[in-house]
Amino acid sequence: MNVVALLFLFSAGAVAQALLPTAPWLGQAHAPILLSLSLYYALTRPRAAALAAALAAGVLNDALGPIPLGYSSAGFAAAALAVSRYREEVFVWRHVTHMIFGALSSAGVTLALAALLQATGLVSLAPGQAALKTAGAFVLGAATLPAVYAVGRRIDTMLGLAAPDSTAARAWRSPLR
Amino acid sequence: MAGVNRKSLIVWAATLAVLLALLNLPLSAARGAKSAIREALAPLHALFQGAAIRAGETFSTLSGIGGLVGENRRMTEEIAILKGRVRELEAFERQNDELRGLLGFARASRRRLIPCEVIARDAGGWWQTLRVGRGSADGVEPDRAAVTPDGLAGRVISASPNTADVLLLSDPNCRVSARIVRNGAFGVVSGQGAGFSGPLVCRMDFINRNHPVRPGDVVVTSGLGGIFPPELPIGEVDRVTLDDSGLYQRAEILPRADLGRLRYVFVVVTEPRPGESPPAPSAAAGAPAGEGDAP
């Protein structure tokens with residue numbers, strides 16, 4: 001059931017990410033739905049499951065555009081590891097934690113991808129464009145992760161994978177148990 | 001403790017192995033994997049895109065009804081509903097007109113065109129691309145020009161059996177050998193991406209400075225390079241400057257096609273319609289090369 005939920009979430013997320021509009025003042029950055037989904041798994045699952053989800057989300061992200069396979073997976077896995085490591089270091093208001101995780105991860109992955117794509121000659125971005133895109137990714141990451149978390153949480157609750165009233169990551173019922 | 005470390009080690013090793021495998025996947029295998037994922041998601045893309053368009057039209061209809069009710073508070077509910085229906089019909093009529101226009105364009109064209117509906121755009125935002133719902137099964141192949149009734153849109157860069165990716169004219173990696181209609185000067189048009197605000201623009205480089213270019217001049221494809229057929233309208237000159245070397249003119253071009261709002265594009269099949277001869281290429285001595293570099 002967990003895998004079915006993951007497949008559904010990732011497919012819907014991939015489609016939504018490709019369809020949602022973007023804006024020039026955000027540097028053409030897209031809402032990082034797939035990254036946020038992998039972060040959701042990093043926030044609520046053990047590290048192994050989080051890494052598997054990050055790799056899968058990265059492959060989907062790369063498949064939807066001309067990015068070579070593996071680039072996004074590396075970035076998503078690094079972000080998932082960082083979030084998994086620091087997920088207990090939370091602010092009083094959980095959404096603030098998610099906003100910060102989403103913003104920093106999205107900006108970090110965008111910056112890393114920009115450097116990687118620039119280094120391999122696949123895109124040529126002026127420093128200003130890269131900065132604008134990173135700033136756009138920061139804003140969109142802060143907005144997207146709390147929303148994705150809420151949706152993922154609700155689906156997990158519906159499927160019996162998480163307790164309805166729980167707010168802490170440890171309340172999640174692990175399928176590995 | 002040792003068990004935890006061992007498990008952790010296995011997780012790290014597996015992650016690294018998968019990453020290395022992905023990054024070193026042979027090109028054909030990577031293409032195959034991407035193609036399979038795109039094919040799997042294509043029906044969902046088409047479904048969501050259709051739903052998004054219908055939702056937009058419904059919202060537009062409802063906001064129109066809201067305005068009417070505000071202006072005419074005494075109007076009966078029945079009249080409001082009827083007006084809503086009229087608006088819905090108008091939306092259908094607009095769509096009908098648009099499709100008829102596209103059909104007319106396809107019929108009037110000298111070349112065989114494959115009409116394609118846009119189902120998605122580049123999800124990463126690194127390139128100016130869009131995905132269409134026709135692929136190699138329909139004859140859409142890489143390195144074919146994509147056009148709209150207004151002008152050139154871009155070129156196909158990859159195709160799976162039922163989808164294809166089109167690199168738009170506004171992407172810096174899309175280069176087109178072009179010609180200015182008024183004075184015949186050649187140059188290379190490349191995209192400039194999206195500006196901070198305003199429309200998507202392109203730039204025409206390497207224009208001989210002995211052929212003065214003026215704002216408003218019409219730019220068309222030259223037919224050199226083999227990808228884009230000749231005489232396809234690209235856009236109009238907006239601004240002219242000298243390049244850094246001072247040897248050539250450089251012109252900012254406003255594309256004719258509304259690249260930010262495309263819903264349909266036509267992929268040009270090189271072969272002419274049955275019973276027609278192919279259009280003759282333009283005389284093009286000394287024209288610059290550089291068309292169609294892949295991203």
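Predicted model: local features only at pLDDT ≥ 70, side-chain atom pairs only at ≥ 80, totals over all residues.

Colleague: Good. At what angle do helix α2 and helix α5 of chain A pack?

Modeller: Helix α2 (residues 33-44) and helix α5 (residues 94-119) of chain A meet at about 130°, and their axes lie 11 Å apart. Angles over 145 would count as roughly antiparallel and 65 to 115 as roughly perpendicular, so α2(A) and α5(A) are oblique to each other.

Colleague: And is the crossing left-handed or right-handed?

Modeller: α2(A) passes α5(A) in a right-handed crossing. On the α2(A) side the contact uses A:L35, A:L39 and A:L43, while α5(A) brings A:H98, A:F101, A:G102, A:S105, A:S106 and A:V109.

Colleague: How many nonpolar, polar and charged residues does that contact have?

Modeller: The contact of α2(A) with α5(A) has 5 nonpolar and 4 polar residues, with no charged ones.

Colleague: Switching to chain B. Which strands close into a barrel there?

Modeller: There are 6 of them, in the order β6-β7-β8-β11-β10-β9, with antiparallel pairing. From one strand to the next, the twist averages 40°.

Colleague: Can you zoom in on one pair? How many bridges link β10 and β11 of chain B?

Modeller: Strand β10 (residues 233-242) and strand β11 (residues 248-255) of chain B pair over 7 bridges, in the antiparallel sense. For example, B:G235 has B:P255 in β11(B) as its bridge partner.

Colleague: Is B:P255 buried or exposed?

Modeller: The relative accessible area of B:P255 is 14%, and buried means under 20%, so B:P255 is buried. The C-alpha atom of B:P255 is also 7.8 Å from that of B:G151, although the two residues are 104 residues apart along the chain.

Colleague: Now strand β5 of chain B. How many of its residues are buried?

Modeller: Strand β5 (residues 164-168) of chain B has 5 of its 5 residues buried. Both faces are covered, with B:A164, B:V166 and B:L168 on one side and B:D165 and B:L167 on the other.

Colleague: Which residue of β5(B) is the bridge partner of B:V132?

Modeller: That is B:A164. Strand β2 (residues 129-132) of chain B pairs with β5(B) over 4 bridges, in the antiparallel sense.

Colleague: What about β4(B) and β5(B)? How many residues lie between them?

Modeller: β4(B) and β5(B) form a hairpin with 4 residues between them. Strand β4 (residues 152-159) of chain B runs antiparallel to β5(B), joined by 5 bridges, and B:V156 has B:V166 as its bridge partner in β5(B).

Definitions and conventions:
Residues numbered from 1 in each chain as written. Chains lettered and ligands numbered in written order. Heavy atoms only, no water. Axes fitted to C-alpha atoms, helices over the stretch in contact; angles between N-to-C directions. Helix = DSSP H or I, 4+ residues; strand = E, 2+ residues; numbered from the N terminus. Parallel < 35°, antiparallel > 145°, perpendicular 65-115°, else oblique. Left-handed = near helix turned anticlockwise from the far one by under 90°. Contact = heavy atoms within 4.5 Å. Nonpolar A, V, L, I, M, F, W, Y, C, P; charged D, E, K, R; others polar. Pairing = 2+ DSSP bridges. Buried < 20%, exposed > 50% of the residue type's maximum accessible area, 1.4 Å probe, protein only.
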